[in-house]
Amino acid sequence: MRQVIIDCDPGHDDALALMTALANTDELRVLAVTTIGGNQTLAKVTANARHILGLLGSDVPLASGQDRPLVKPLRCAPEAHGDSGMDGPALSGYDHPLASDNAVTFMHDLIMDADGPVTIVALGPLTNVALLLRTFPEVKDRIEMISLMGGGIDHGNSTPLAEFNIYVDPEAAHIVFASGLPIVMAGLDVTERAQITLDEIDGLHGRGPISEVAYELLRFYSESGHQFGFVDSPIHDLCAVEYLLDPSLFHGERRHVDVVTDEGAARGLTFVDARPKPALPDNALVLTDVDREGFVARLVDALAVLDAR
Ligand code: BDR
Ligand code: CA
């Protein structure tokens, strides 16, 4: 059983990733969920995490983290996720206690006390994770890997070159990629292939209470995706969870990855050493393809498990 901490900024795709992780109790033991300002302000994404965990009746502890990137002001994504950061379903009736408002020390204590290695699943800007690694380097020996959604080999979504999670805090992302820890990078190369079709979304309607919330999340998210040129809806963050559940769904290549922190057009770009004979040592498994149908089936099955609880 893999022990994980999920650092996130819910976020429609974060919410679906949380649901899927919490449904798969045979494979994943979720030690904590932590939040990071990203898709919306820290207050809003933390409220969304409280609502999702409350909806699921989860007893997983929740800690809120940093409200801004290491260097720059926070830049949210209301165009993708709405004013609440998770527009669509009405979840305000659910609440879940906040165990801590210091995600960095909370993660540190959990990792040091855990009875085995811990995997970090990072679904938002990497500020909390970078601070954890820099403040408490002793945790590195106890972190098995970091499975993150972020970056892209040949294009971005916040800018032509930079993906949102990396663009929001490139300095933090640089710290994480340079940490020496094993990294699985689910960037846009794979996550934009991890799409759910409108028919598949409609298939969730009327199946059960959690599937219904997923349906409402995906209705909003797929519609907001139209402005970015998508017909079907990529579920970016879910890739970082599903890789842990079933790596055989994915194809990837080991590469050296680093992050541009300079000002200018390339800020937030993740660049890889893709030369036929790379000169830089690989530090990440960069996912490049996914079995789309298997990916969606995993989500649908996870929601059915949650519906039956
Ligand atoms: C990433 O940005 C956020 O809007 C999503 O939640 C995902 O983590 C995709 O670029
Ligand atoms: Ca996210």
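In what order do the strands of the open sheet run? I read β3-β2-β1-β4-β5-β6-β12-β9, eight strands with mixed pairing. (Strands are DSSP E runs of at least two residues and helices H or I runs of at least four, numbered from the N terminus; two strands pair if DSSP finds at least two bridges between them.) β3 (62-64) and β9 (250-255) each have a single partner strand, so one side of each lacks a neighbour in the sheet.

Before going on, I noted that this is a predicted model, where local features need pLDDT of at least 70, side-chain atom pairs count only at pLDDT 80 or more, and totals for chains, interfaces and linings use all residues. Residues are numbered from 1 along each chain as its sequence is written, while chains are lettered from A and ligands numbered from 1 in the order written.

Next I checked β4 (residues 118-122) against β5 (residues 143-149): they pair in the parallel sense over five bridges. V118 has I143 as its bridge partner in β5.

Then I turned to ligand 1. G11, D13, F164, H236 and D237 come nearest among the 15 residues around it (near means a C-beta atom, placed from the backbone, within 6 Å). Helices α1 and α6 (164-168) each supply at least two residues of that shell.

Last, I looked at α1 beside α11 (residues 238-245). Their axes come within 8 Å and cross at roughly 20° (axes are lines fitted to C-alpha atoms, for helices over the stretch in contact, with angles from 0 to 180 degrees between N-to-C directions). That makes α1 roughly parallel to α11, a term for angles under 35 degrees.

Notes
Parallel < 35°, antiparallel > 145°, perpendicular 65-115°, else oblique.
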